Amino acid sequence: MNYLSVEGLTKTYGERVIFRDLTFGIDQGQKVAIVAKNGTGKTTLLKCLMDLEPYDEGRVVYRNDVSLAFMEQTENLDDNHTILEEVFSHDLPELKVVKAYNQAMKSGDQQKVEAIFQELTELNAWDFEVRVNQILSVLKLDDSDKKIGLLSGGEKKRVALAKVLISNADFLILDEPTNHLDLDMIEWLEEYLSKSKSTLLMVTHDRYFLEVVCDTILEMDDETIYKYKGNFSYYLEKKAERQEQLQSTVEKAKNLFKKELDWVRRQPKARGTKQKARLDSFQEIKKVASQRLDEDEMELPVKMERLGTKIVELHHISKSFGDKVILNDLTYNFQRKERLGVVGNNGTGKSTFLNIIQGLLPADKGKVVVGDTVRFGYYNQELIKVDEDKKVIDVIRDIAEFIPLEKGRQLSAAQFLERFLFPRSMHYNFVHKLSGGERRRLKLMTVLMSNPNFLILDEPTNDLDIFVMSVLEEYLRSFEGCLIVVSHDRYFMDKMVDHLFVFEGQGKVVDILGNYTEYRKLKSQQKKEEKPIQEEKLVAEAPKVEDNKPKKKLSFKERSEFDQIEKEMEQLEIEKEELTSQLSDGSLSGEEIMKVGNRLAEVVSLIESKTDRWLELSEYI
């Protein structure tokens, strides 16, 4: 069933064509991602699809009965609302009654609580309330009475995401949903959207997210759109094939162009009809032969100042803000070519740690010793601060006209811009004309152009497209200095770092050897080991099936578990009916109503989890 049809969509800003004659469709249940270089119009396209931005030509048609929810990059929230009021600002009957129930519970109005219970039961809204509370909890929005106007930018982003997820819409359109989420939130969202029945269209630069969640990739390039029916790996494979074919076509056109050019030069001015047709064909060949193929990867052996034996030493560093402990007696010495990743939940002190290393923030206790040869390059999350009326190339030239390479070579400011996917046509654009992603890319270039030997990158991949990230990864592979990376991009972290500082809160920092994926495996294993040991069962376990053999039937233990779950689900359903009946008969006091309501929410949650396990086991019955 088709949910969205886009036909011949064209959008321009003055003489600049953003996209031309885009035609594609999205069917029910599809999970689609749009990928493109920054500045090619991904966000503009989403706004056109939501009728928030006018387009020049074409049609956007949704199925009549489809409900939509849109998450923008810039949050469109009411500062006077509380978090709860904002996420409940939908016209769903279930949401309205859950909202009324929460308000009655907070006000302690027992009469109102009793009155609302009947409506909750009739709408079967208990499941809905459990889901709302889960989403707010995972996104760390527990203080639901806090006003939107008092929230940080990251918290507002999470409220906007919660609002869209809670809407229960048929079709979700998400613009950079993983920005400002910590790693645990990103992995939860990944699982949530993978299991969701909603149709999905999103823009994201998180490559693991694209791999796990999406089944279709739309690439915007050359003012048009290319469709790939598969996940991110499939897209990379097919795109490489497309580029190879294009390369072959261009090479053939170049050879033919040389022959035709000789013919054109030899012809007299007066031409017949046959000659004119050949001349028109020549113009088409010239157009194909003139295509420039972008090379997204690069090799830049930068000549940097050599690091001495003493780099950065941290001696018994401690730092607190009031009662909140950030660092507690941390001692560490950085070595040459060190590649450190820093991970931890938001607010655990990652950025504070980076500022202390550079002397931008004093430690409460301890000493930071920085070697004489160390030259820091620091990229943080703030937007570039330059004159808005300055041209792009002048921003780079103000730092250096040339960047030194190995063996006496050098790279000009213009060449450096091209390597980071700023084509010559953009070099003389004014800064105020750049998109958010292009500004971040320009700031990153100013940091790299200063030729540091100790590079600190705080969330470098936010708002950078996957093509620029590929370029950055190539640059960092040949970087011979020390590198510290704070990032929620798991793919980037896996490729760049050798070990991790894990900020666990309350000043605890754990040093773990390996990349992010290895750390998550270790964490998962620790969680399993921390689970309470189950009571020994009298029944013997069947021999374990080897991992490499396909599972064909349940073990004796799993069969017993399957039978037990069926009995437990039956009992839980009976209990759910009894609790629902108690809430409906009106004989309970206010305190009893609250107690029964809380138990009903627990029972609903248990039924869901046991149903999932029952379905998993039933596949092998």
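When I say contact today, I mean heavy atoms within 4.5 Å. With that in hand, let's start at Phe 503. Leaving aside its neighbours within four places in sequence, Phe 503 is in contact with Leu 327, Val 342, Val 343, Gly 344, Asn 345, Thr 348, Gly 349, Lys 350, Phe 353, Lys 508 and Val 509.

Before I go on, a word on what we're looking at. This is a predicted model, where local features need pLDDT of at least 70 and side-chain atom pairs count only at pLDDT 80 or more, while totals for chains, interfaces and linings use all residues. Residues are numbered from 1 along each chain as its sequence is written, and side-chain values use heavy atoms, with hydrogens and water left out.

Okay, back to Phe 503. It sits in strand 19, residues 499-505. Helices (H or I, at least four residues) and strands (E, at least two) are DSSP runs, numbered from the N terminus. Is Phe 503 buried or exposed? It has 3% relative accessibility, so it counts as buried. Buried here is under 20% relative accessible area, exposed is over 50%, and partly exposed is in between, using a 1.4 Å probe and protein chains only. Also, Phe 503 and Gly 347 are 156 residues apart in sequence, yet their C-alphas are 9.6 Å apart in space.

Now the whole chain. We have 19 helices and 20 strands. Of the 621 residues, 47% count as buried. Take the contacts between residues at least 6 apart in sequence: 68% of those join residues at least 24 apart. The accessible surface comes to about 32600 Å², and 47% of that belongs to carbon and sulfur atoms. Those areas are from the Shrake-Rupley method with a 1.4 Å probe, and for residues only the protein chains shown count as cover.

Leu 327 is the bridge partner, in strand 11, of Lys 319. Strand 10, residues 312-321, and strand 11 run antiparallel, with six bridges joining them. Two strands pair if DSSP finds at least two bridges between them. The sheet is an open one of three strands, in the order 11-10-13, with antiparallel pairing. Strand 11 (324-333) and strand 13 (365-370) are the edges, each pairing on one side only. On average, neighbouring strands here are turned by 20 degrees against each other, direction ignored. For angles like that, axes are lines fitted to C-alpha atoms, for helices over the stretch in contact, and angles run from 0 to 180 degrees between N-to-C directions.

What lies across strand 10, strand 11 and strand 13? That's helix 11, residues 350-357, running at about 135 degrees to strand 10.

Strand 6 (residues 171-175) and strand 7 (residues 199-203) run parallel, with five bridges between them. One to find on screen: Leu 172 has Leu 200 in strand 7 as its bridge partner.

Next, a helix pair. Helix 6 (residues 153-166) and helix 7 (residues 183-195) have axes that come within 13 Å and cross at roughly 15 degrees. The two are therefore roughly parallel to each other; angles under 35 degrees count as roughly parallel, over 145 as roughly antiparallel, 65 to 115 as roughly perpendicular and the rest as oblique. Helix 6 gives Arg 158, Leu 161 and Leu 165 to the contact, and helix 7 gives Met 185, Trp 188, Leu 189, Tyr 192 and Leu 193.

Then there's helix 1, residues 42-49. Six of its eight residues are buried, so helix 1 is largely enclosed by the rest of the structure. The buried ones are Lys 42, Thr 44, Leu 45, Leu 46, Cys 48 and Leu 49.

Most residues other than glycine have a negative phi. Asp 51, following helix 1, has a positive phi near 60 degrees. Asn 451 has a phi near 60 degrees too, and lies in the loop between helix 14 (436-449) and strand 17 (454-458). Asn 451 is buried, at 11% relative accessible area. Glu 459 has a phi near 55 degrees, in the loop between strand 17 and helix 15 (466-477). Glu 459 is buried as well, at 4%.
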